[in-house]
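Student: Could you take me through this structure step by step, with the sequence and model in view?

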Amino acid sequence: MSKEPVNVNEFQDLARQALPKMYYDYYSGGAEDQHTLKENVEAFQRILFRPRVLVDVSRTNLSTNILGYSVPSPVMIAPTAMHKLAHYEGEVATARAAAACNTIMVLSYMSTCTVEEVASSCNGIRFFQVYVYKRRDITAQLVLRAERSGYKAIVLTVDAPRLGRREHDIKNKMIAPQLKNFEGLISTKVTSDEGSNLQAFADGTFDASLSWKDIDWVKSITTLPIIIKGVLTREDAIKAMEVGVAGIVVSNHGARQLDYTPATISVLEEVVQAVKGRVPVFVDGGIRRGTDIFKALALGAQAVLIGRPVVYGLAAKGEYGVRRVIELLKDELELTMALSGCPRLKDITRNHIMTERDRPRCML
Ligand SMILES: Cc1cc2nc3c(=O)[nH]c(=O)nc-3n(C[C@H](O)[C@H](O)[C@H](O)COP(=O)(O)O)c2cc1C
Ligand SMILES: CC(C)CC(=O)C(=O)O
């Protein structure tokens, strides 16, 4: 048994040791210069606290409500592809860990276990993430299967008309494994032996024509609420509300798509202000500490999603590792709340943090 991590960052090293280089690079990497990859984490570090003292924090409560579902903490599992490359049990192990923590898991469209396998592996609230394929009938079938299997919302990812340029994957000639969801529908075998096979697969399948008018089509294939994932501007947040989404995820896809987009935490407030409370706003990207979660909530997020740390937990220690990642983040958030004078999530306000812009000159 490898050593027991005391924070989620320590799972990354264990994952690096556990995984073949090609897979570790795929999970950890970002697009091009990986500027945004660094920024997603570092922008959190530039936000400081304004803690309040002498508040009774002998009891804390982290519970919240996400789309009508009551959950014990404002943490969800972001959709990440192909968990069997991290651990032989794949998304089933992740789902069991999520269920054990009563945490909402968003299953990736590009999962290595099927939507039905994950649904039947354990009880739990799950959402299904969707990419729209050129073959729209395939997308419609997958959405129907997810709905029939009890998934509670569709998370439509809109920041990937094409796959970002991930240079590790190009060098490693990253493979695209068979994705069981698509068995009998489409082959993930690509013939290209140049560059990333995953990119070649995405180029052949993802529908780059997808646009705002197509949200009506997505609505027409499901009765589930639709959350849009990948919004970074007030303009798109307003459009998303106009087309009637049930929620917005501020996301730059973990810095894997367009490099030099701002860190998500830097644009969260812009989106929150545009949305004016009409739909919940979620955020992902670079969240590695309970303090990061607190900062996101202070800037108006209803909850956060965690991507890489979950995959690292899975690679390092399977289901147990994912559970520990969720527990560590939740414990850190709880302590942050106590030390900031916020016994409940609704006590967390914008005044509990200061961004670089808020800081008085004399402190620079
Ligand atoms: C290995 C990996 C695979 C991903 N696969 C998907 C995916 O299939 N669908 C999707 O919408 N987002 C995908 N994402 C993006 C995540 O949902 C999320 O936006 C991102 O990981 C958050 O950043 P973090 O990893 O810093 O927490 C993936 C991210 C990673 C790291
Ligand atoms: C298989 C990929 C398209 C999944 C993805 O979204 C990613 O790797 O970021």
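Student: At roughly what angle do the axes of helix α1 and helix α13 cross?

Tutor: In this predicted model, helices and strands are DSSP runs numbered from the N terminus (H or I, at least four residues, for a helix; E, at least two, for a strand), and axes are lines fitted to C-alpha atoms, for helices over the stretch in contact, with angles from 0 to 180 degrees between N-to-C directions. The axes of α1 (residues 9-18) and α13 (residues 308-340) come within 7 Å. Since 65 to 115 degrees counts as roughly perpendicular, under 35 as roughly parallel, over 145 as roughly antiparallel and the rest as oblique, the two helices are therefore roughly perpendicular to each other. Their axes cross at roughly 115 degrees.

Student: How many residues of the contact of α1 with α13 are nonpolar?

Tutor: Residues are in contact if their C-beta atoms, placed from the backbone, lie within 7 Å, and those making this contact include F11 and L14 of α1 and Y312 and V325 of α13. Ala, Val, Leu, Ile, Met, Phe, Trp, Tyr, Cys and Pro count as nonpolar, Asp, Glu, Lys and Arg as charged, and the others, Gly among them, as polar. In this contact 3 residues are polar and no residue is charged, while the nonpolar ones number 9.

Student: Which elements are included in what covers the buried residues of α4?

Tutor: A residue is buried if 20 or more other C-beta atoms lie within 10 Å of its own, exposed if 12 or fewer, and partly exposed in between, with C-beta atoms placed from the backbone. Helix α4 (residues 90-100) has 9 of its 11 residues buried, so it is largely enclosed by the rest of the structure. The covering elements include β4 (75-77), β5 (105-107), α5 (115-121), β6 (126-130) and α13.

Student: Is Y260 buried or exposed?

Tutor: Y260 lies in the loop between β9 (247-250) and α11 (264-275), and it has a positive phi of about 70 degrees although it is not a glycine. Because 12 other C-beta atoms lie within 10 Å of Y260, this residue is exposed.

Student: Which residues are around ligand 2?

Tutor: Residues are numbered from 1 along each chain as its sequence is written, and chains are lettered from A and ligands numbered from 1 in the order in which they are written. A residue counts as near a molecule if its C-beta atom, placed from the backbone, lies within 6 Å of it. The shell around ligand 2 divides into 6 nonpolar, 1 polar and 1 charged residues, and its members are A81, M110, A160, L163, L198, A202, H253 and R256.

Note on methods: This is a predicted model: local features need pLDDT of at least 70, side-chain atom pairs count only at pLDDT 80 or more; totals for chains, interfaces and linings use all residues. Two residues are in contact if their C-beta atoms, placed from the backbone, lie within 7 Å.
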